[in-house]
Amino acid sequence: MQFDASAPIYQQVVTAIKKEIASGTIHPGDKLPSCRDLAVSYRINPNTAARVYQVLEAQEVAETRRGMGTYVRDDPQLKDTMLREMADGYTAQYIREMKGLGFDREELLKILAEWSDPEEQTKEDAGNRKEKTDA
Amino acid sequence: MAALLKYEFRKTKVLNLVILIIAAIGEGAFLLGSVLWADSALLTGSIVLTCAAAAGFLLVPFQSADLLYRELNTKQSYMLFLTPRSPKSILGAKILTVIIWLAVQGVVFGIFSCVDAAVLYRASGATEGLLSALLSSVGGAGFSVSDLVLFAAKIIGMTYGFILSVLMAYFFAEIVQSTVLNGRKGGVWFSLLIFVILFIAFISITGRVTAAVPEAYQFSVAACMDAACVVLFFFLASSLMEKKLSV
Amino acid sequence: MLETKNLVKKFGSKTAVDDISFTIGPGKIYLLLGPNGSGKTTWMKIAATLTKPTSGNVYWDGKPVGIESRKKISYMPTESYFYNWMRVADVGTYYSDFFEDFDARKFADMLAKLDLAPDARVRDLSSGMNAKLRLAAAMSRYASVYLLDEPLNGIDLVARDQVLDTVIASMTPDAAIVLSSHLVEEVESIASTAVFIRDGKILEIRDTEELRDTDGQSLADRYRLLMR
């Protein structure tokens, strides 16, 4: 995983794991890798890996079972909670960036409406295709 | 110590095996010559044996000194100095290896010379009187077991004493060089210089001491001085290695 | 655990290490960051007992580093140092013979992972392969402190990942790993603590996540700031 090295890494791994829960890659009740395995797979310091699990536990996303390891909390609502959290996060970022450029609320909603319009689906696809060729 | 010895032997075995093989070939030629009464074989055999014996004695300590020099002055020094072994063990292993190889050569050449002497004695019909004269000309006495043992002890003592004290002094000189110069140029000359100074000092001291002692004791005194020299330089060298040497 | 107190090392008129003091504690991965000639290698060699200090010293368990500390400290030098007559497997045998904490099985596994043939001759190895061998030898010991001098130098991209994985996997709460590297960006995610060193002096010692949290800087950013 490519990190933004100027922001706390543990935070980025926490987010990555939440994303996996939100997208259904990991399910509630699944066993998470050991600290050591997590450190190796993300290529991070084992202490950082431990901190990731501490934070996930504090946020009631994961729980440590004595002698068995760390598990995703077996909560059927968890996926939706994570989806909402991811959505809020992306949206807040989007709004922050757009406001930083000077757009106000009305303009924001107008642009979003354009992108959400089924007729405008082709515009989005074109945008996606452009992004791919740019990258 | 065992591990150190294992690798010291590994590093020095090629030269020693070559010497022993050449000696064996020489001996083979000699024995063949004596059986077939072929003069050229006898002669070649003896020359090869003599050269091998002389070369052997010189090359073993020379190789040891050269090996230490390379190990002190190249990155291969890390191999020894990263291991949890004291300088005393390291130097001790090196000297012990030299002692053992010289002993092996001594035994091998000793056996060869006894065999050859017996062969020659029978073939030449030489008298015991002639043999005694020959023996005393190289410092031996009579033919009794105690005489021969004393003779052997003297030869071994003198050879080992000389070789080991020289080698240990040279080790010390190399370590001084490596400590002081730390990789700068002129290492070989510097260590040679130090060695020459030590050597001259040692010879003159030994000479003066043995001259002041009655002849009967001269050999024992010389042997003690050699031993003292070995011990002195061993402690000086290992202490310098431990405290001041950077590789 | 490994304490450096007022360490000074001079080579003639050049001061390689200029009165540095710091402590290496267990359970962390330290990154020594600094330009060439800043004193990183000299410090490591002193801690590994290969070089003797001019004044001050490095202390292991309260005692100056020496024969006892060599049993607990595993050093990976930047230079090639194995005997020329050795094969790769012989290096493992040598380490087994001299170090009680050497794990021959781990060494064999690492050789396989790093694609090193056990019967290859050391003198035939490329500099990159030699570097991998040096790393395998150093990391196959169960030491208390690992000192790795530029472990990624000369190593290709894929192998670098393997090297970093090995470093991470070798960390235990009782051991410390000290790496020096120029490739700041590649190693920064695994470091707990960064030691910035220049001209033989320590400029700063920072906890890496704290640096990111408080100052919003990566190690690379901080390095550029301090070393300009």
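## Exercise 1. The interface of chains C and A

Between them, chain C and chain A bury about 1,600 Å², with 52% of it on carbon and sulfur atoms. Buried area here is the accessible area (1.4 Å probe) that two parts lose on being put together, summed over both. The model is a predicted one: local features need pLDDT of at least 70 and side-chain atom pairs count only at pLDDT 80 or more, while totals for chains, interfaces and linings use all residues. Residues are numbered from 1 along each chain as its sequence is written, chains are lettered from A and ligands numbered from 1 in the order in which they are written, and side-chain values use heavy atoms, with hydrogens and water left out.

**Task.** Describe the side of chain C that touches chain A.

**Solution.** 

Step 1. C:I168, C:S189 and C:E209 supply 36% of the area that chain C buries against chain A, more than any other three residues.

Step 2. Take the residues in contact (heavy atoms within 4.5 Å). Chain C contributes 22 residues and chain A contributes 17 residues.

Step 3. Count the polar contacts. Such a contact is a pair of N or O atoms within 3.5 Å; within protein, one must be able to donate a hydrogen and the other to accept it, and residues adjacent in sequence count only if both atoms are side-chain atoms. There are 12 residue pairs in polar contact between chain C and chain A, both at pLDDT 80 or more.

Step 4. In chain C, β3 (28-33), α6 (157-169) and α8 (208-215) each supply at least two residues of the side that touches chain A. The most come from α6(C), with five residues.

Step 5. Sort by type: this side of chain C has seven nonpolar, seven polar and eight charged residues. In this scheme Ala, Val, Leu, Ile, Met, Phe, Trp, Tyr, Cys and Pro count as nonpolar, Asp, Glu, Lys and Arg as charged, and the others, Gly among them, as polar.

## Exercise 2. The interface of chains B and C

**Task.** Which of the two pairs of chains in contact share the most contacts?

**Solution.** 

Step 1. Chains B and C share the most contacts of the two pairs, whereas chain A and chain B do not touch, their nearest C-alpha atoms being 28 Å apart.

Step 2. On each side, 27 residues of chain B meet 27 residues of chain C. The two chains bury about 2,500 Å² between them, 62% of it on carbon and sulfur atoms.

Step 3. The polar contacts between chain B and chain C comprise 15 residue pairs, both at pLDDT 80 or more. On the chain B side, α1 (2-36), α3 (77-81) and α8 (215-243) each supply at least two residues. Of the elements of chain B, α1(B) gives the most, with six residues.

## Exercise 3. Salt bridges

**Solution.** 

Step 1. Apply the rule: a side-chain nitrogen of Lys or Arg lies within 4 Å of a carboxyl oxygen of Asp or Glu.

Step 2. Within chain C, C:E188 and C:R212 form a salt bridge (3.3 Å, N to O). This pair links distant parts of the chain, 24 residues apart. C:E188 is buried at 3% relative accessible area, and C:R212 is buried at 3%; buried means under 20% relative accessible area, exposed over 50%, partly exposed in between (1.4 Å probe, protein chains only).

## Exercise 4. Cysteines

**Solution.** 

Step 1. A disulfide is a pair of cysteine sulfur atoms within 2.5 Å. The search finds zero disulfides over all chains.

Step 2. The sulfur of B:C224 is 13 Å from the closest cysteine sulfur, that of B:C229, which is too far for a bond. B:C224 is exposed, at 54% relative accessibility.

Definitions and conventions: Helices (H or I, at least four residues) and strands (E, at least two) are DSSP runs, numbered from the N terminus.
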